[in-house]
Every structure is written in C-alpha cells, then in structure tokens.
Amino acid sequence: MLKNNIKIAWRNLIKNKGTAIINLIGLSIGIAACIIIGLYIRHETNYDQNVPNRDNIYRLYGVLTEGGNVRKGTSFSANTAPTIDSNFQEVTRTARLMDNPLFYGAGGNEVRIEGSMKQLHEDGFTYVDQSFLDMFEIPMLYGTRSMALSQPFSVVISEDISKKYFGNTNPVGKSIYLNGRDSIPYLIGGVMKNFPSNSHLQYNFLLTLTDVEFSPGEQTRWLQSNYDTYLEVVPGTSIDRLQKKISDDILDRYMIPAMEAAGNVMAKTIKDQAHLEMQPLAKIHLYSGDLSERQARGDIKYIWMFAIVAIFILLIAAINFVNLSTAQSANRAKEVGLRKVLGSGKGNLIGQFLTESTLLSFIAFIIAILIVQATLPYFNSLSGRDLQIPYRSVTFIIVFLFSALFIGLTAGIYPSFYLSAFNPIKVLKGKLRLGSKSGGLRSSLVIFQFMVSTILIISTLVIKSQLNFILNKDVGFKKDQVIQIYGTNLIGKSVETFKNEIKGLPSVVDASISDYLPIEGTKRNGNSFWNEGRAQVDERVVGQSWIIDEDYLSTLGIELVDGRNFTKNRSSDNQSVIINQTLAQQLTLDNPIGKKITRGGSQSYEIIGIVKDFNFQSFREKVEPLCLFAGISSSIVSVKINTENIPELLDRMGKVWTKFNPNLDFRYDFMDQSFARMYENVSRIRTIFTCFAVLAIFIACLGLFALSAFIVEQRSKEMSIRKVLGATTEDIFQILTRNFVLLVILALVLATPVAIYLMQKWLQDFAYRVNITWRIYVLSSLIIILIGLITVSYHALRSSLANPIKNLRNE
C-alpha cells in the first residue's frame, strides 16, 4: 500500500508541476532558514560543553544594590579564591583569571621569541593559576598540564601561536619576551589546543600567576578587585546553600572588616545590600548581559528571537502548502469522487494525501540541505561564527528525518481531511462548490503570513534606525579623521618626541598620548569619588579615572565647558583634575571649579575644568562619571588629521615610526571604524533580520501569487460574464484584488501593535535610543501593501484583459 501511495504521490507531483514547484521553493527556503538558525542556536547554547567537569564549575560574582541601581560584577581580590579554597570542604578547587589590561602583560603585548629581533603584536593574554589548567582540563599538545604554569614567569601558548612562531617543532623550554623587556624571559611550559569557538575563554597566552604581585601587598589586600574567581564543587552540592555560606563568610569575616579598618563608608552599604552568587559555567555566555566584565558575551534574548523567527518562516511555508492544497481542490475532486465510488475509504484517501505531503517534505529537506551548504559560508561571515552541518552526528540525522516526517504530516493533515471528505455523488454531478468551504481558513492563514512579514519589516526598520542613530549621533567627541597608533609605549621616554614629529607632518592637526579612549579595547579604571572631607559621610560616586595629556581634549574635539585645560610642565596640575558634567552632577557641585574631591577616600585633587559629557561606552549605558588626570599613559598616540590623501600621510607616519622602532610593525586604526565595531552585534542583527524578513515576505508572496492564480481561475467565467455585461478592465481588476489587499491591510493593522511592543522592549536595552515615529509605520505599511498588490496584480490583470469569449464558448 505504501509503495503504491508513493507512486501515486510522485505522479501527482509531476502532474501538478506548478503547484509542486511553488511548494518546494517555499518549503525548502523556509527549512533552510530554520536549519541555519538551528545551527546558530545549537552553537550558542553549547558554550563550554567541551569542559569535562562543566556541571560542577561556577564563577563567583557580586551583587550590590546602591542608590536604586543593581550592580553586578565578577572582579574580586586576589585572596578571595585561596580563602574559599581553604574554608569550604564543598569546594574541591579554585582558580583565578586576571585579564585586566591595566596590569602589565594582560590584554595585548608585543612579542619577540628568543633568537629573533622582530616583534609582533599579539592579543589574548591573561594571567591564570596553575589550578586553572587542571579545573578546565585544558588539553595539551606539548608539555605536562599539571606542571605547565607551576614556575614563575611561565606561559602556556595556543596551538595557533605555536605554529606561527615555532612551526611544527616542540617549543616547550623556549622563551618569549614581551614589550621589549629582554631581561624578563617567559618560559613556555606547554602548548594547549585552541579554545573552541563556543568557549567563553578566548585566549592565546596563559601567563602564570605563580609569585606574581602587581603592587606591594596586592595578593593579600581585600579592597583591590581585579580577578575572576572560578570554583569547582563536589558533585551533588547544594549550590543555594553553598553560595549563601560563601557570601556570609567572605563579606562578614573579611571584606567588611577590611573596609571598616580602612574607614571606608561603603562598609555599611556592603553589609546591608550586597551578596555573592555562583554562576554555572554553562550560563556564562548567554546570561551575563547585566554583569560588569571585560569580555563580550551573547544574549539569550536574541536566541529566543531567532528561534521565533525560524518557526514563523517555517509556518509561512507550511501555510502555503495548506492554502494551495485546498485551493486546487477542484483539480482533485473528480479523482476523490471516482476513488470513493471504486471502494476507497476515507482512511485510504487520507493516507494517500499525507504520503504526498510527506514526500514533498522530504524532497524539500534535501533541497534545503543543499541551500544551507551553499549559503552557510556567507552566514558565518555575517554572524562571526564557524558553523558546520554535522553530517556525522547521529542526532542530526534522527532530527532531520523526524523533522521531515513531522512537517510533512503536519502540513498535510488539514488538506488530507478536507479533500477526503468530499461527497462523491455531488462531485461527479458537479453540484459541489469546490475550494469555497475553506475560504475562511485560507484568508486567516494569509493574514497570519502577512502579520509575520509586517512584524519582521517593522523590526528591521527600527533596528536599522537605532543603528543609524548610534553611528550618527553627536557622541561628544570628534571620531572622524582620527588615527590611533599602537605600541608607542615601546618607544619609552621618546614617545613625546615621536608625538611631536608626528604633529610636524603636513595635514596633522594635533596629537595626544593616552591609551584611555572612548572606544572599546582601550584602558578603563574604575574608582570611587567623594567631595573632600565627605568620604566618611556620603555615599560614594562610582566613575572612571583616566590619564590624559594636555593635547587630549583638542585632538578628540572634546568641549571644555568651564575652567581650563591641563598645561604642560605645570607642576600644580599633578594635583588637579578635569571632570565631566555627570561627575559634577552626582557630587552635587554647583560651581565645581576650585573645589576639591578625593579618589578612593584619600588623596585630594582640585577641579580645574569641566568637560561636556561624551559617550565612552556602549549606548546601552548612560554616560558614567569621569575624572581626567594629567599624565602619560603611553601605549597609544591619537592623531587628528585633515587630508583626503590618507595613504600618503600613513606612509609618512610609517617612516617616522620605523625611525623610532625598526623592529616593530607600524600598527594603526581609525577611530570612527573602532567606534563602529562597538556595535557590530547590532549591525549583524540588523542584517540577519533583513535577510530573514526578505525570505519571509518572499515565501508569503510566493504562496499569495499561486493562490491568486487559483482564485482567478475559479472566477474566470464570472469575470467573463461581468465583462460581457459591461464591466471595465478597471472594474475586473478591483474585484479580483480587493479581497487580497484587504487581507494584507488587516494583517498590517493586527501586526503593528505587536511589532511596536516587541521593538520597544528591545530598545529598552539602550540608554540612548530612537523613538518609533510615524514614518516607520507609514513606510512599513507602504512596503507591505505594495508587495501584496504587486503579487496579486499579475493574474488579476491577465484576467481583466482576457477575451471573455474564450471562457464562455462552451456555455
């Protein structure tokens, strides 16, 4: 029976080529989109699954409610981890990670291997304990994991770095040098495999923390927090109870007493409104959006969003199948009538129609795999991922077969029951109005299709509008035509001479030495501030401390709204600061110039200037308080230029650089491009949404195109009679398109409030955001109505221009 059903199903697909092709195109594109999104979701939700003991590894983080705001952070003091290790039997091992670029060695460095004078820049440096290798069971290609970081000044490098510098030889025992410090060799203790792309750890160099002390007493100081702390617990441990015990112990026994001893007014706030929690390793990537940390993470909200988009696209394709199957019932009615007369039961007919839909589904899945294989490289480039189809995975094959069967049966269930229910006598006598019973359902499904398309169009327009707002908003500094030159700290004391020679080049307007810049990837330093003499009384103001030179404001075009700038060689400026408007406001300073503030509750500084607020973080966050100190932080020189011939100027800069450091490549970037990279994630989402919106609309229009053809065909004699009775071409066109356009308009009306709600929720993540204006509604309405009208116009025009005699000659 099954073999016979498959044969008949294949013949019917061949017989109805047009419908089959439209169904296959829609289904295969919809399925391909779902597979790609599924692979992306699988990648994002499988972060850190390569760690053998992942279910028992947690990261510690702190929660503080202060001034109505909830702050969460992962940075702890150096002695937090060893204290937990010794105080709690439930914790089998702790490990620390320190990647703060404020401290020498972390972040990026200029690398030289022994036996070579050439230095190359490398990113991805972090400090870790030896226990870090053991906790994460990091696989080693060379060296012994249990000893690789046990010695001072040892380093573990990644497989890629090993091949880049040492080829296929074993580099264990060899040395590398950082930032021109030839007196401090780092001995390579091992080579690890590259971290997988879906690991929250993305480092190429692991520097040992053995015997490291970044400042005197730093390893035993409770009030200096720079380390991420990981805990490995005994299997079966109650995490809720353990984190409560750790929180009480660390805060009450150590941190709060240390704060009280230092006279820190925050001790009471910490005691009343702070606690510690443990974050499972598997949740770090997607559930860290509200945590203050240095690494970029994913967001579970986008996973849900893409999953819903995938389901909607597949539903649109399945709706096409249902609509076309019921609309072409006239072509199958006599077949059903004859088969019933010849003895076929309803069950046999249902089985036949389900076989057809399932066969179509399997063919669509095969085509979809080919589409995915062809388009996946483009999606990888767009999403910044390295996704692959897991052909060898048994799970993938099972899911593939089950999904093809499920979609075939689900899409075919209604048409099969609808077609098999025809009365054979009425069908064969021509008394059954075919294709009309399901008109209401078809209309509802068309409305749903265009509701989804409308939501995607509005979402795409809002995301695009927000991204344009971010990239074009006045951020408070001039990012255009500013070049950042990196690695200038290696010039040493000659960095100011280098800066002055760069300033002397034609087309150079100004230059500044500072690696604290309003773009990601540069230094940050958080501190607490008080008005002088109020540290024991007032709540602190948390802000940033940046080191700049006297040319910083002019180079970046930052407006000084009151007071004066730093002056070179003015000794009093060492005890002076320039603050932004937000810091002045939060310190409740009406006339700040001449007033004094303290940093960390100790040393006082006189305010000599106020700068206008400028955005130095993501637009998701409001402008933070900022305090600028005079000094030299020398790893970046920023250069303001005014020229159209940038290549010639870069060539001249490169020659000046070579004169100062011939063994290091000239490395530079443009500030406007660096700023744009801060919003790569939003840009990617906009592009992905645009692609999926186009796909959804295309599939919906494909079904509407075919559906309008069937409806026009069914009403061809009616339209011919109307023309004979005097109806004009315009009348016929309006009659045939009116209902479809009304369905599209109804979909628009129903979808717009949903889209507005969803986009307003998305925009809440941004402290600075666009308003969803009437222009977006009008534009999306015009797009969706125009698309719907164009789709149905082809067949309507053909019918309105047709000769009525051809349709009525046999009447």
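Predicted model: local features only at pLDDT ≥ 70, side-chain atom pairs only at ≥ 80, totals over all residues.

Student: Is Asn661 buried or exposed?

Tutor: Asn661 has 7% relative accessibility and therefore counts as buried, since the cut-off for that class is under 20%.

Student: And which residues is Asn661 in contact with, leaving aside its neighbours within four places in sequence?

Tutor: With those neighbours set aside, Asn661 contacts Gln119 and Leu490.

Student: Turning to helix packing, at what angle do H6 and H7 pack?

Tutor: Helix H6 (residues 239-261) packs against helix H7 (residues 266-273) at about 160°, and their axes are 8 Å apart. The two helices are therefore roughly antiparallel to each other, because angles over 145 degrees fall in that class.

Student: Which residues make that contact?

Tutor: H6 contributes Leu251, Ile256, Met259 and Glu260, while H7 contributes Met266, Ala267, Ile270 and Lys271. By class, the contact of H6 with H7 has 6 nonpolar and 2 charged residues, with no polar ones.

Student: Now the cysteines. How many disulfides are there?

Tutor: The count is 0 disulfides, a pair of cysteine sulfur atoms within 2.5 Å being the criterion.

Student: What about Cys34, buried or exposed?

Tutor: Cys34 is buried, as its relative accessible area is 18%.

Student: And what is the relative accessible area of Cys691?

Tutor: The value for Cys691 is 40%, so Cys691 is partly exposed.

Definitions and conventions: Residues numbered from 1 in each chain as written. Heavy atoms only, no water. Axes fitted to C-alpha atoms, helices over the stretch in contact; angles between N-to-C directions. Helix = DSSP H or I, 4+ residues; strand = E, 2+ residues; numbered from the N terminus. Parallel < 35°, antiparallel > 145°, perpendicular 65-115°, else oblique. Contact = heavy atoms within 4.5 Å. Nonpolar A, V, L, I, M, F, W, Y, C, P; charged D, E, K, R; others polar. Buried < 20%, exposed > 50% of the residue type's maximum accessible area, 1.4 Å probe, protein only.
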